[in-house]
Structures are given as C-alpha cells and as structure tokens.
Amino acid sequence: RPVEGGGPGADFVRRVLLARKAPIFRELSEDQINKLAGLLVLKAYEQGTAVFEQGQAGQAYYIVSAGEVLVSISGRQVRTLRSGTCFGERSLLVDEPRNATVEVSSQKAELWCLSREHFESVVPPEMRKELARRVLMQDSTITLK
C-alpha cells in the first residue's frame, strides 16, 4: 500500500516497504533494511529512455516505484516490469555485463536505485556469494526444448 503524505518520514517508510518487497533483500535484518532504505536514490525517467543497455557494465540495482519498463534481449521484448518489481541484481552479483536492455515504456517512470558500492556495503560477502549461486542456477542462456 502506498504511503501517502510528504516529508522525510513518509519517504523513508516508502523506501523501507519497497526494499522489503525486493526478493534479494528478504533475508536482511531490520538494521540492514534501514541502512539500505537510507541509501536508495529515487530517479525519474521519461518514456523511451534506456535505464541501461545490454552489454553495459552493471553499476546499479533498481526497484520500480512507478511506471513501467520494458526488458529486451538482443532486440526482442521479453517482459514488462511494473511497480514493486526489481531488476539489475545479476550484474551486481556475478560481475558480468548486463544481459538485457531496460527501457521506460510508460510516459514516465520512477526507479529506486542502489549503486554497486552501496549494494556491497549493505549485503554481506557471504550473502552475496549465496545470492550469486542462486542467480547462476537461473542462467538465462539455458533453453528448454
């Protein structure tokens, strides 16, 4: 449920709620979640803007706050992400180039952004290693026949 009203308090609560919705952060403690919430930066994008392109180095993790983004792999649209969904963790966890292009498909989109540096300061090395193992098990290059 969206937090209504303004001010830093409402903004902080909104960040915390969004962070708890992101699967990659579900195992973090309340203190870690609070730290994470303070590090998220809200960025606004216009329709047609690429958040990042396939092949670029991964520099951030994103949570969609408002609007929609389109995910494409090698020019083929594969999914649309909406409020509360997240993306970008694979590049941060396994240190590889982005495997997709993400572009804003709605008129505007707001995305919470967590830089690689902040991501690594919040998520402990042992947890990053386990998350990377899980991500690699979901390899996007495997196809079923």
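Which residues touch the most other members of the largest nonpolar core?

Modeller: A word on the basis comes first. This is a predicted model, in which local features need pLDDT of at least 70 and side-chain atom pairs count only at pLDDT 80 or more, while totals for chains, interfaces and linings use all residues. Residues are numbered from 1 along each chain as its sequence is written, and side-chain values use heavy atoms, with hydrogens and water left out.

A nonpolar core is a set of buried Ala, Val, Leu, Ile, Met, Phe, Trp, Tyr and Cys residues joined through side-chain atoms within 4.5 Å; buried means under 20% relative accessible area, with a 1.4 Å probe and protein chains only. The largest such core has 24 residues, of which Phe25, Tyr61, Leu114 and Phe119 touch the most other members. Two or more residues each come from α1 (7-21), α2 (30-39), β3, α3 (89-94), β8, α4 (116-122) and α5 (125-137). These elements are DSSP runs numbered from the N terminus: helices (H or I) of at least four residues and strands (E) of at least two. Helix α5 gives the largest share, four residues. Apart from this core lies another, of 16 residues, including Tyr45 and Val102.

Phe119 is in contact (heavy atoms within 4.5 Å) with Ile24, Phe25, Leu92, Leu93, Leu114 and Arg128, leaving aside neighbours within four places in sequence.

Strands β3 (residues 60-66) and β8 run antiparallel and are joined by six bridges; strands count as paired if DSSP finds at least two bridges between them. Within this pairing, Ala66 has Glu110 of β8 as its bridge partner. Strand β8 (residues 108-115) also pairs with β1 (residues 41-46), again in the antiparallel sense over six bridges.

Notes
Buried < 20%, exposed > 50% of the residue type's maximum accessible area, 1.4 Å probe, protein only.
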